[in-house]
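These are my notebook entries on a structure that I had not examined before. I set down what I looked up, topic by topic.

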Amino acid sequence: MPSDLKSSPLESAHVSLGARLVPFAGWNMPVQYTSILDEHHAVRKHCGIFDISHMGQFIVRGPDAAKWLNSMLTNNIDALAPTQGQYTLMLNERGGVIDDLIAYRTGPEDFLLVVNASMIDEDLAWMQSHLPSGVTLENQSDAWAGMAIQGPESPAVFAKAYPGETLPQRNGIATLADGSIVCRTGYTGEDGFEFFSTAATGVAVWEKFLASGASPAGLGARDTLRLEMAYPLNGNDLSPDRTPIEAGLGFFVNLEKGDFIGREILAQQKEQGPALKLTAIQYTEKGAPPRAHYPVLTEGGTVIGELASGALSPSLMTGIGMAYLPASHTKLGTPLKIDVRGRTTPAKVVKKPFYKPTK
Amino acid sequence: MNIPSELRYNPSHEWVRIDGDTATVGITHHAQEELTDVVFVELPSVGRAVDAGDPTAVVESVKAASDIYAPVGGEIIEVNPDVEADPSLVNTDPYGNGWIFKLRVKNTDDVLKMMDAAAYGAHIS
């Protein structure tokens, strides 16, 4: 194994399960255990468990922590009472996305930020370069093992694994008696929670969730599950050259809360309407699975963009993808074509999400 | 490991069953296991002439598209519509109903130059 890859604290558990490990965001991570399709369906119908130890955890503290985070992030952190979390974005001066993350308020002056693995160093450097006195920023990413337990049966799995403990409300965060952190969040669209324990206890916790009814699921299923929900993946669907308004994430941008980095361009785009929009596209006929970078064409054959993400949807058994397209081509039902190795498959603009979990 | 002795093999994991000058081509048990869930097969056009090593079909899993190469030169005379309709046949029956295309072989000696089961077994071990 190349030595420059980081190992998850759960790696030995993956190896003993026969997982296929691949490099992802600098980590050696399980892409699948037996079958991406089976793991995908297990999460939609029952309960799956993902290793998310590669994700980063930052602790922000201080009397001015909320004020500072509000100047760094798009959502309004003042809306959070202790034990509550929110999806939010960190932007550059041009309004482009550096990272998307979840910010939790763990106390009046204490916050936990969960960030993308690939962006830990860049996020830290950016935040440190803007850090005022009176606020501390601590990177705890190596201290934690992380797991996402997702699917309709995940509350039952939690109850079995941690009898006597209570899951927080949607988007909430709680600390358990043993010091573990549980967040009612996820990246699949299903009910579920994300669980952080000390790196040393990670394997034991992982095995406890397996024994309580969760089945292991890899990054392959994680990607198809999130794409069915039209959740963006940073690096594919989000980039330093695209704003959250263009990405269709205006719901997570608060222009009224006061100034934050990137605000001016977002306000302009919101007022005038963005020139490009991250658009959900679904095949209308059978075709080879769409993938990132495949050209998107008008019905007449003019190339108007490329897929940022694409996959065969295991739930819908058809091709789905997202692309930044000129706003003029983003009306629901607009016919499009996807070019796969020189052959085109008919598709159309659809509403997000592609798939609605049944509950 | 499932490597039928009556077939010939390519290092890129195609198998060939020769019958007169007709070669049936598919991918090996090992290859389908590596690819995992096959969700799409792109078949070549019947009548197309191919040389050994030409990318001729495409087999796609959820994560990746993989070229299938013509193991020997010849002309495509038949393709398997069943794998187009049900790509998982490539996983469940790689040497049988999961075949991909048939070639009229230009030179049948080329098939005999391919690896036998023992050599392929050594190649993937």
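**Entry 1: the two domains of chain A**

I looked for salt bridges across the interface of domain 1 of chain A and domain 2 of chain A, and the rule finds 0. I note at the outset that this is a predicted model.

I then asked which elements give two or more residues to the side of domain 1 that touches domain 2. They are α2 (36-45) and α7 of chain A.

I checked the bounds next. The domain assignment of chain A places residues 6-52 + 142-228 in domain 1 and residues 275-359 in domain 2. The contact draws 11 residues from domain 1 of chain A and 15 residues from domain 2 of chain A. Taken over C-alpha atoms, the centres of these two domains of chain A are separated by 30 Å.

I also looked up the area of this interface. The size of an interface is often given as the accessible area lost when the parts come together. Between domain 1 and domain 2 of chain A, the buried area is about 1,100 Å², and carbon and sulfur atoms give 63% of that area. On the side of domain 1 of chain A, the residues that lose the most area to domain 2 are A:R44, A:L227 and A:E228, which together make up 52% of what that side buries.

**Entry 2: helix α7 of chain A**

I turned to helix α7 of chain A, which spans residues 219-228. Are its residues buried or exposed? I found A:L219, A:G220, A:A221, A:R222, A:D223, A:T224, A:L225, A:R226, A:L227 and A:E228 buried. Following α7(A), I noted A:A230, whose phi is positive, near 60°.

**Entry 3: chain A against chain B**

How many salt bridges are there between chain A and chain B? I recorded a count of 3. I looked up one pair by name: the side chains of B:E42 and A:R341 meet in a salt bridge, at 2.8 Å from N to O. The count of residue pairs in polar contact between chain A and chain B is 14, with both residues at pLDDT 80 or more. On the side of chain A that touches chain B, the elements giving two or more residues are β3 (27-32), α2 and α7 of chain A. The largest share of that side, 3 residues, comes from α7(A).

The contact takes 17 residues from chain A and 17 residues from chain B. The two chains bury about 1,500 Å² between them, with 50% of it on carbon and sulfur atoms. I noted that A:R20, A:R291 and A:R341 supply 34% of the area that chain A buries against chain B, more than any other three residues.

**Entry 4: A:R105**

Finally, I examined A:R105, which lies in strand β7 (residues 97-107) of chain A. A:R105 is buried yet has no salt bridge. The nearest side chain of opposite charge is A:D78, 4.7 Å away, whereas the cut-off for a salt bridge is within 4 Å.

What does the side chain of A:R105 reach? I found the backbone oxygen of A:L80 at 2.9 Å and the backbone oxygen of A:P108 at 3.0 Å. Leaving aside residues up to four places away in sequence, A:R105 touches several others, including A:A66, A:I77, A:D78, A:F111 and A:I173.

Conventions: Residues are numbered from 1 along each chain as its sequence is written. Chains are lettered from A and ligands numbered from 1 in the order in which they are written. This is a predicted model: local features need pLDDT of at least 70, side-chain atom pairs count only at pLDDT 80 or more; totals for chains, interfaces and linings use all residues. Side-chain values use heavy atoms; hydrogens and water are left out. Buried means under 20% relative accessible area, exposed over 50%, partly exposed in between (1.4 Å probe, protein chains only). Helices (H or I, at least four residues) and strands (E, at least two) are DSSP runs, numbered from the N terminus. Lys and Arg count as positive and Asp and Glu as negative; His and the chain ends are not counted. A polar contact is a pair of N or O atoms within 3.5 Å; within protein, one must be able to donate a hydrogen and the other to accept it, and residues adjacent in sequence count only if both atoms are side-chain atoms. Contact means heavy atoms within 4.5 Å. Domain bounds come from an automatic or database domain assignment. Buried area is the accessible area (1.4 Å probe) that two parts lose on being put together, summed over both.
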